[in-house]
Amino acid sequence: MPDLPQHKPVLAGTAHNVTGPGLRLEALPEGHLLHVLGEIEPAALAAELTKAGFAESSIRQAGFRQWFVAGDEPLAPAGLNALTAALAGKAFVTDQSHGRIRIGVSGHSSRLLLSKGTAVDLDPSVFAEGRSVMTVIGHISVQIARTGDDSFELTVLRSFAESLWEDLRHMAASAEKDSGA
């Protein structure tokens, strides 16, 4: 029997983390990413996620009546089936885990770094923790989610992950220089 293809994390060939004074870039676990579309409110979606075993996942708005459900744990087919059944008639669920990658950006220079690539106002008074937005960094379509005071999570199509990673590394060097760190 021929050898079957093995999963290889997309950022496996790169340095997994880039750290410096005031900044950290990290390739996050390739856990799960579900796209939920339909007439369901986030609170009701959160309740259904908990019942289906996705309590540790976060919900990010991805457009009108659309959410991404992201988490570090690999997707269990039983959980996906339970969630799909629970949302039947209210929302549709598609597994995007294989097609998107998450990258963490944190530290007191994180907003400066991201401002070098996107026009989104990331000031906490405008872009609060838990908020997310679809945008571009350079020419790459990205979802930015604020996960903490100085921490963000970027979700990008798998085929653009390495390019975004390199762009972020270059922007990080520039942000460090600009911050005087």
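A pocket here is an open set of points on a 1 Å grid over the protein atoms alone, where a 1.4 Å probe fits, with protein on both sides within 12 Å along at least five of seven lines. The largest pocket holds about 190 Å³ of space, a volume being the space filled by probe spheres set on the points. This is a predicted model: local features need pLDDT of at least 70, side-chain atom pairs count only at pLDDT 80 or more, and totals for chains, interfaces and linings use all residues. Residues are numbered from 1 along each chain as its sequence is written, and side-chain values use heavy atoms, without hydrogens and water.

**Largest pocket**
- Its lining has 17 residues, with H32, E56, S57, G71 and E73 nearest the centre; lining residues have an atom within 4 Å of a point.
- Strands β4 (58–63) and β5 (66–71) each give two or more residues to this lining; strands are DSSP runs of E, at least two residues, and helices are runs of H or I, at least four.

**Helix α2**
- G79, L80, L83 and L87 are buried in α2 (residues 77–87) (under 20% relative accessible area, 1.4 Å probe, protein chains only).
- These buried residues line one face, because they fall within an arc of 100° seen down the axis; the arc uses directions from the helix axis to the C-beta atoms.
- The face turned away carries P77, A78, N81 and A85, which are exposed (over 50%).
- The buried residues of α2 pack against β3 (32–38), α1 (42–51) and β6 (91–95) (contact: heavy atoms within 4.5 Å).
- Just after α2, G89 has a positive phi of about 85°.
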